[in-house]
Amino acid sequence: RILIIGAAGQLGSELTLALTQQYGGDNVIATDINPKSLEKFDYCKTAVLDIMNHDAVTNLVKKENVKQIYHLAAVLSATGEKNPLFAWQLNMDSLLFVLELAKEHKMDKVYWPSSIAVFGPNTPKIHTPQYCVKEPNTVYGISKQAGERWCEYYFQKFGVDVRSLRYPGLIGYKSLPGGGTTDYAVDIYHKAIAGEHFVSFLREDSALPMMYMPDAIKATLDLMHAPKEQVKIRSSYNLSAISFTPQEIFESIKIHYPDFSISYAPDFRQAIADSWPDSIDDSSARADWGWKHDYDLKKMTEDILANLPEYLVNF
Ligand code: VAH
């Protein structure tokens with residue numbers, strides 16, 4: 001069976017559906033700490049689970065004969081800066097526990113998301129290479145960089161088949177904006193269809209690497225289904241699709257909502273965004289397991305605006 005930890009988060013909400021479509025609801029267990037958030041998963045098994053409760057996780061793994069874990073629970077960049085030690089503890093303690101569990105129970109595979117947040121202010125910003133200086137200055141980024149080191153260690157030392165992607169900012173319409181620095185690009189769509197003015201917490205020219213959720217799901221499943229010998233990078237793969245600024249995403253929406261308006265009020269999240277690259281070189285992922293993205297900004301905006309209004313009414 002496949003265990004998804006943090007299933008109700010932005011990535012988990014969509015990855016759980018994709019994994020259920022792939023493996024059947026009886027073979028997927030969606031877990032989250034928040035019982036209410038599990039109600040939407042009426043197509044697979046669910047369980048309330050606090051990843052910090054190691055005994056509960058171990059018991060579930062044994063009871064459900066778990067052979068794969070997607071460990072998605074984490075404190076994101078902006079929220080992490082408000083509670084650094086908690087963010088470090090949750091992000092790192094949970095990953096080490098999952099890697100140890102995978103080793104002990106000889107699991108088939110583990111998935112763990114990394115992020116462009118592993119890059120820091122002195123990382124090359126344009127077309128950031130797979131290998132480069134990484135001195136992240138957010139707790140979230142530090143935890144992702146350390147986590148990548150541990151993933152590679154558990155693969156090399158113990159043969160745990162753990163795989164990882166450095167996601168750019170992920171944009172989807174099936175979950176509300178969360179504690180991420182890139183979540184302005186989720187919120188902007190909600191404001192547009194609500195007919196409200198949008199205040200961007202990043203500067204108009206602040207370019208960031210981004211990706212539409214269907215591309216992120218495709219990359220995750222492509223990586224997890226790739227034959228083991230094709231997965232040559234066991235820290236985490238650079239992954240890229242599009243890069244845009246708040247002004248560019250606003251313009252792509254304004255075509256559909258001519259009255260939509262924006263203003264800019266950069267806050268503490270601007271410094272986080274400034275520490276990250278503008279664009280990413282993902283040639284290793286393209287070479288090793290055939291990655292390629294489908295959605296550009298125009299296509300993403302069209303798809304979100306076509307689906308978000310109805311989604312908000314029904315869910
Ligand atoms: C965040 N959405 O903003 C996440 C992501 C690259 C950004 O890691 O924290």
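Modeller: Axes are lines fitted to C-alpha atoms, for helices over the stretch in contact, and angles run from 0 to 180 degrees between N-to-C directions. Helices (H or I, at least four residues) and strands (E, at least two) are DSSP runs, numbered from the N terminus. This is a predicted model, in which local features need pLDDT of at least 70 and side-chain atom pairs count only at pLDDT 80 or more, while totals for chains, interfaces and linings use all residues. Residues are numbered from 1 along each chain as its sequence is written, and side-chain values use heavy atoms, with hydrogens and water left out.

Colleague: Why are H4 and H5 called roughly parallel?

Modeller: Helix H4 (residues 84-104) and helix H5 (residues 139-158) pack at an angle of about 15 degrees, and their axes are 10 Å apart. Angles under 35 degrees count as roughly parallel, over 145 as roughly antiparallel, 65 to 115 as roughly perpendicular and the rest as oblique. The two helices, H4 and H5, are therefore roughly parallel to each other.

Colleague: What makes H6 roughly parallel to H8?

Modeller: Helix H6 and helix H8 (residues 246-254) pack at an angle of about 30 degrees, with 11 Å between their axes. That angle makes H6 roughly parallel to H8. On the H6 side the contact is made by Tyr 184, Ala 185, Ile 188, Tyr 189 and Ala 192, and on the H8 side by Pro 246, Ile 249, Phe 250 and Ile 253.

Colleague: What makes helix H6 mostly covered?

Modeller: Buried means under 20% relative accessible area, exposed over 50%, and partly exposed in between (1.4 Å probe, protein chains only). In H6 (residues 184-193), 7 of the 10 residues are buried, including Val 186 and His 190. Just after H6, Gly 195 has a positive phi of about 70 degrees.

Colleague: Why is Glu 64 called buried?

Modeller: Glu 64 has a relative accessible area of 10%, so it is buried. Glu 64 is located in the loop between helix H2 (54-63) and strand E4 (68-71). Leaving aside residues up to four places away in sequence, Glu 64 touches Arg 1, Ile 29 and Lys 45.

Colleague: Which side chain makes a polar contact with the side chain of Glu 64?

Modeller: The side chain of Arg 1 does so, at 3.0 Å. A polar contact is a pair of N or O atoms within 3.5 Å; within protein, one must be able to donate a hydrogen and the other to accept it, and residues adjacent in sequence count only if both atoms are side-chain atoms.

Methods
Contact = heavy atoms within 4.5 Å.
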